[in-house]
Number of protein chains: 2
Amino acid sequence: MAQTDISDNIFAFVPITMQTILGTHVQGKANFMALGWLTRCNFKPPMIAIAVNKSNQSAEGILDNGEFSVNVPATDMVGITDYTGLVSAKKTDKSKLFDVFYGQLKTAPLIEECPINVECRLAEKVELLTNYLFVGEVVGVHAEDSLLTEGHPDPEKIKPFVLSMPDNRFWGLGDCVGRAWHEGKDFKK
Amino acid sequence: MAQTDISDNIFAFVPITMQTILGTHVQGKANFMALGWLTRCNFKPPMIAIAVNKSNQSAEGILDNGEFSVNVPATDMVGITDYTGLVSAKKTDKSKLFDVFYGQLKTAPLIEECPINVECRLAEKVELLTNYLFVGEVVGVHAEDSLLTEGHPDPEKIKPFVLSMPDNRFWGLGDCVGRAWHEGKDFKK
């Protein structure tokens, strides 16, 4: 390959991540925001790290209540998902956008329309320059029954979508190209 | 939707994330490990959060040197990528698996075969129960020239793949299903 140093465009690379909707309570009401920056970060107990811009009301909600939800929308929810990232709770009440339910946590609103909902209790926070990195312990998972295969959420049935930046495009999942902790076995020889 | 509480299977949900190869120096030599848990986490300066099991030699390398690389393999590298996650540097020398080059950082080995390479300097670390969450500031980005569109890495050309768990499958990117910060505009009315 002919590698080029594109470090002058430091935003050129962003890991592709799943597009989700973050649920919080802000001033006593459910609030939702498009969240594309997240990853699992601890094996046991299962924890998720999410990054939220400090100026967002969602960050305030998490700091105030110590709880949040991560909801996985299907591809047919691209429009409404994106909308939650375009308008601020400062100006727009987003509490009625979805049918909301609750699990164990009283300030982690879950979205009925989303095939997967995860409840998290704040475990750690890292204050970075423009963003908070919040680490949440997963305390509850809810899934649309028909989208499970042998009890597990099945990506082929759920049809999640991912975000690439800086081109700012959403992508569905393509073909399965292999099995993790399996495809490499041939290289062992 | 008919949501079911599947919290008894707390590992049921894992965000889908891009499959990458983590580069570190371990005991003075380049080392590589499959890394599927990462996200961007700060807007300015650009930072990436990665989660590494504490028992991995790669974690030691990052703690020792304060530097690491994130390399994005293309779909045709599924086998070798997976292999780097199957064998430990404790037993297997992985320094010769790839053609290695260096950018600014002297202990962040970059993989020539990967279309995108990112050099990171450790900025923060969070010690969780089984994993470290490392936050790295992006200090350099290298890309295969022919895979850029208007100076940006183009997912359609790069052909990255993502990991879903706990079904442990790799997926290529599917169709573009929309534009971020755009598709939601219709909902504003």
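A:Asp167 is where I start: at 22% relative accessibility it counts as partly exposed. Here buried means under 20% relative accessible area, exposed over 50%, and partly exposed in between, with a 1.4 Å probe and protein chains only. The side chain of A:Asp167 meets that of A:Arg169 in a salt bridge, 2.9 Å from N to O. By salt bridge I mean a side-chain nitrogen of Lys or Arg within 4 Å of a carboxyl oxygen of Asp or Glu. A:Arg169 itself is buried, with a relative accessible area of 19%.

Before going on, the ground rules. This is a predicted model, in which local features need pLDDT of at least 70 and side-chain atom pairs count only at pLDDT 80 or more, while totals for chains, interfaces and linings use all residues. Residues are numbered from 1 along each chain as its sequence is written, chains are lettered from A and ligands numbered from 1 in the order in which they are written, and side-chain values use heavy atoms, with hydrogens and water left out.

Now the salt bridges between chains. The structure holds 10 salt bridges over all chains, and the count between chain A and chain B is four. Which residue of chain B does A:Glu156 bridge to? The partner is B:Arg169, with the closest N and O atoms 3.4 Å apart. That pair runs from helix α3 (residues 155-158) of chain A to strand β15 of chain B. Helices (H or I, at least four residues) and strands (E, at least two) are DSSP runs, numbered from the N terminus. A:Glu156 is partly exposed, at 46% relative accessible area. A:Asp154 also has a salt bridge to B:Arg169, at 3.3 Å from N to O. Taken together, A:Asp154, A:Glu156, B:Asp167 and B:Arg169 form a network of salt bridges.

Next, the interface as a whole. In contact across it are 103 residues of chain A and 103 residues of chain B, where contact means heavy atoms within 4.5 Å. About 9,100 Å² is buried between the two chains, and carbon and sulfur atoms give 69% of that. Buried area is the accessible area, again with a 1.4 Å probe, that two parts lose on being put together, summed over both. The rule finds 38 residue pairs in polar contact across the interface, both residues at pLDDT 80 or more. Strand β15 (residues 169-179) of chain A supplies the largest share of the side of chain A that touches chain B, namely 11 residues. A polar contact is a pair of N or O atoms within 3.5 Å; within protein, one must be able to donate a hydrogen and the other to accept it, and residues adjacent in sequence count only if both atoms are side-chain atoms.

How are the chains related? Chain A superposes on chain B by a rotation of 180 degrees with 0.0 Å of shift along the axis, RMSD 0.0 Å. That is the relation of a two-fold axis. In chain A, A:Gly174 has the C-alpha nearest the axis, 1.8 Å from it. The superposition is by least squares on the C-alpha atoms of residues with pLDDT of at least 70 in both copies. Because 100% of the interface residues of chain A are also interface residues in chain B, the copies meet through the same surface.

Helix α2 comes next. In chain A, seven of the nine residues of this helix (residues 78-86) are buried, so it is largely enclosed by the rest of the structure. Among the elements covering those buried residues are β3, β4, β14 and β15 of chain A, together with β15 of chain B. In chain B, B:Thr81 lies in helix α2. Is B:Thr81 buried or exposed? At 1% relative accessibility, B:Thr81 counts as buried. Beyond its neighbours within four places in sequence, B:Thr81 has contacts that include B:Gln19, B:Pro73 and B:Phe161.

Last, the strands. In chain A, β7 (residues 67-72) and β10 (residues 116-127) run antiparallel, joined by six bridges; two strands pair if DSSP finds at least two bridges between them. A:Ser69 stands opposite A:Glu119 in β10(A). β10(A) also pairs with β11 (residues 131-144) of chain A, in the antiparallel sense, over 11 bridges. Three residues separate β10(A) and β11(A), which form a hairpin. A:Arg121 has A:Glu137 as its bridge partner in β11(A).
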